[in-house]
Structures are given as C-alpha cells and as structure tokens.
Amino acid sequence: MARWIAEWHPDDAAFWRTTGRKVARRNLVFSILAEHLGFTVWTLWSIVAARMGGYEFTTDQLFWLVALPNLIGSVLRVPYTFGPARFGGRNFTVVSALLLVVPAVLLGVAVSSPDTPYWMFLLIAATAGVGGGNFASSMANITYFYPRSKQGVALGLNAAGGNIGVSSVQLVMPLVIGAFGLAAAGWFWLPFVVVAAVCAWFFMDNLTSAKASPREQLAVAGKAQTWVMSFLYVGTFGSFIGYSTAFPLLSTSLFPDAPWAAVAFAGPLIGSLIRPVGGWLADRLGGAPVTLWNFAAMGGGVLLVWAASGSGSFWLFFLAFQTLFLTAGIGNGSTYRMIPAIFQAKAVAEKGDDEAALLHGKRQASAAIGIISAVGALGGFLINRAFGMSFAATGSPAGAFLAFGLFYASCAALTWWCYLRTVGVSRVASLAHARV
C-alpha cells in the first residue's frame, strides 16, 4: 500500500523540529541513492564508447553514442518532473529506479556480440536516457520536504549525490571492464538498482501537499524567468554533464596512449563536490553575482583547455580541464540556488507570506526546476555533438572550444542584464530575491 503523508508543514518551526526534519532527512538519503544510480546508468556510454576500439566506428560516430543519452535524458526530464506530483515521490522513485534495468541489460547483451550493428548501439544508448530523467523527479520531490530556509542545502546535497554518479562510473568502470570485459559495464549495476528501488519502497514517503495537476505545473513555462534560468543552466549543468561524458573519448582521440582511464573520474568528482559550495557562495554573496563571475571564469577555463589540447602534454590538458569542472560545479550550485528563490519570492510578492503562498511558490519552483533541468541537460548533447562535428570537419576540437567560449560570454551578459543591471530597470521582487 502506498504511504501518503497528509499533514506536512515544514515552514512551521515546531513541526519541523519535532517531526519534519527526521522524515525529510530519510527521504533525502534514499532519493540521493536512486539519483546517484540514475547518473551512473545515464553516463555509462562515456566509458563504453572510449573502449570500443574493436569496432570500426569513426570518432564522430562514437561521440553520437555519448551524446544520445544526454539528449533523451533532457527530454525525459519534463515528464519526470510531473511524476512525483501525479503519482507520489516514493512511488515514482521506485518505478524510475527499476527502469534503469533496461539500458543496463541491453548494453550487456549488445557488446557481447561483435556483429551488433551501429544503429542498434544508437538505440541502446538512447535508452540510457532514462537515467537522466531521474534528476528532475528527485529534485522536484525533495523541494516539498524542506522549509524555504533549508532548500538550498538540501537541493545541493541531493544534486551533488547524483552528480557523483558520473565520477563513480568513470572510476569503477575501467576497472570492471578491464577485469571482466565490456559487457560487465551493464551487468555490474543491476543489483545496486534493485537495492535502490527496494529502499525507496520501504523508506520514502508520498506527500499529499505535493499533488498538483500537470496544467498547474506547466504554467511556469509561460514565465520569462523559467527560460532565462534554462539558458544559464545550459551553461552550468550542461557544461558539467557534457564535459564529464566527453572527456574520456576526447582524451583518447587527442592522446591515444595517455592513462586517461586512471584519472577520468577526478573532474566529475570535483564538479560534484564543489556544487554545494556554489550554493553556499550564492547564499553569502548573492546568486547572480556568483553566477556572473563564474561564467567569466569558465570562459578563461576554455582558453586554457584549448591551448593545452594542442600542447602535446596530456597532463597539462588534464589539469586545465579541471578548471572547467570546478567552475561548472560552482555554477551549478549558484544557478540552482536562484530558482526556488525567484519563484517563491514572486509567490510571496503576489499572494502574501502565508502557508498557502509558500506552497504555491514551492509548486512553481518544483515545476520550474524540471523544465530548467531538462533544457540545461541539452548542454550535454550539444557539447558532445560540437566535439564530434569539430573532429569531422577539422580533425581537432578547436572549433568546439571557440563556440563554448562565445556561449559563456553570452551567459555572463544575460546574467548581468536580467539580475544585476540597475540603470533603466524597475526591479520586481522575484529578480531582487535572486541576489540574496
């Protein structure tokens, strides 16, 4: 029987102290477990594609295998956002975890045969996109469990726990594949997926207050702030997932004999662990200022990696790339800190500071998080396609790096124009609160 909690008032200090905190923490822990495994399955092909030397695929074809899960995952984040509000957070977490079995099994079967055609690999890689959808449902669900004052830390931990799944894949998979073969990349995760689903069933909860119709949630798609933040999130999270999945194949293309497999996990790990720090900096200094200067730093990081890619030194390339992971992680935290702040501040400004207004703000923020995370994840697809097309056209990634630098400049300009500009603009509450 599904377990539903009817009375949930996290912004009531007494309720939070006596009841809410313990329940919220338990749901957060098992949400992180399921989301972590979602990221591992989502990004499996970043390692698998780099290990497919026995197949006669071009570099561009291999980048397609890495890019497709990012594309499908970003699309699935929209319906996954509405899942917890429609079916309950606990129920949807169980189902979304069990769906990870499909791409894991298909991968294990496909690479066991040398005759599997390329189009079949494309279809199987696409199914890994279900892992990318988990992030949106997990974040949308956890938003309801925490009071407004603690959402930044909770969402940061939830996101970081999921993001570390990329590092887990790139640390563990080279060892597993080396010991047991390429097919083990799929079979290895099955018992962990089952454990995550069982834990979600027994230890998570559904909240009646989180129920909302898709029509009510989709209303945020008509708000300009949803699309402004979506664009910025392409630059932060899109960069994180794009660089994380591209690094192994990019490294083996530029430095064929380099020991990239031993260190590929480091960048995603740095980006994941620094994400809560980005949220903390935004709490202290303001989300918009941190985001603006971070995009400037990302532009500088692209120049460093561009220069290092032609240096002939893998270790110089590796160290330069860490600046991109570091800044992408900080930007993830600062931009995500802005989303609930913007929508909850606007709800308070329009409806007052009572519990109904706060709940409306949470519903708006929850829906916005899903849409923004979906659009942001497209960055993972675009970065891998940019690398693939650049190699196909010129034999080097230089064209892609130039495009990335110009994009970060546009993100910095948009951040300043929408959230920091004071001359000639009348600030509304939602924009002002994004700085707090």
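Which helix does Ala341 lie in? Ala341 sits in helix H15, residues 314-351, where helices are DSSP runs (H or I) of at least four residues, numbered from the N terminus. The model is a predicted one, so local features need pLDDT of at least 70 and side-chain atom pairs count only at pLDDT 80 or more, while totals for chains, interfaces and linings use all residues. Residues are numbered from 1 along each chain as its sequence is written, and side-chain values use heavy atoms, with hydrogens and water left out.

Ala341 has a relative accessible area of 7% and is buried (under 20% relative accessible area, 1.4 Å probe, protein chains only). Between Ala341 and Lys362 there are 9.8 Å in space, C-alpha to C-alpha, and 21 residues in sequence.

Thr415 belongs to helix H17, residues 398-420. Thr415 counts as buried because its relative accessibility is 0%. Leaving aside residues up to four places away in sequence, Thr415 touches Leu232, Ala288, Thr291, Leu292, Phe295 and Leu420, a contact being heavy atoms within 4.5 Å.

A cavity here is a set of points on a 1 Å grid over the protein atoms alone where a 1.4 Å probe fits but cannot get out, and lining residues have an atom within 4 Å of a point. The largest cavity holds about 60 Å³. Helices H1 (13-42), H4 (89-98) and H7 (129-145) each give two or more residues to its lining, which includes Ser31, Glu35 and Asn134.

Definitions and conventions: Buried means under 20% relative accessible area, exposed over 50%, partly exposed in between (1.4 Å probe, protein chains only). On a 1 Å grid over the protein atoms alone, a cavity is a set of points where a 1.4 Å probe fits but cannot get out, and a pocket is an open set with protein on both sides within 12 Å along at least five of seven lines; lining residues have an atom within 4 Å of a point. Grid points are joined across faces, edges and corners, and a volume is the space filled by probe spheres set on the points.
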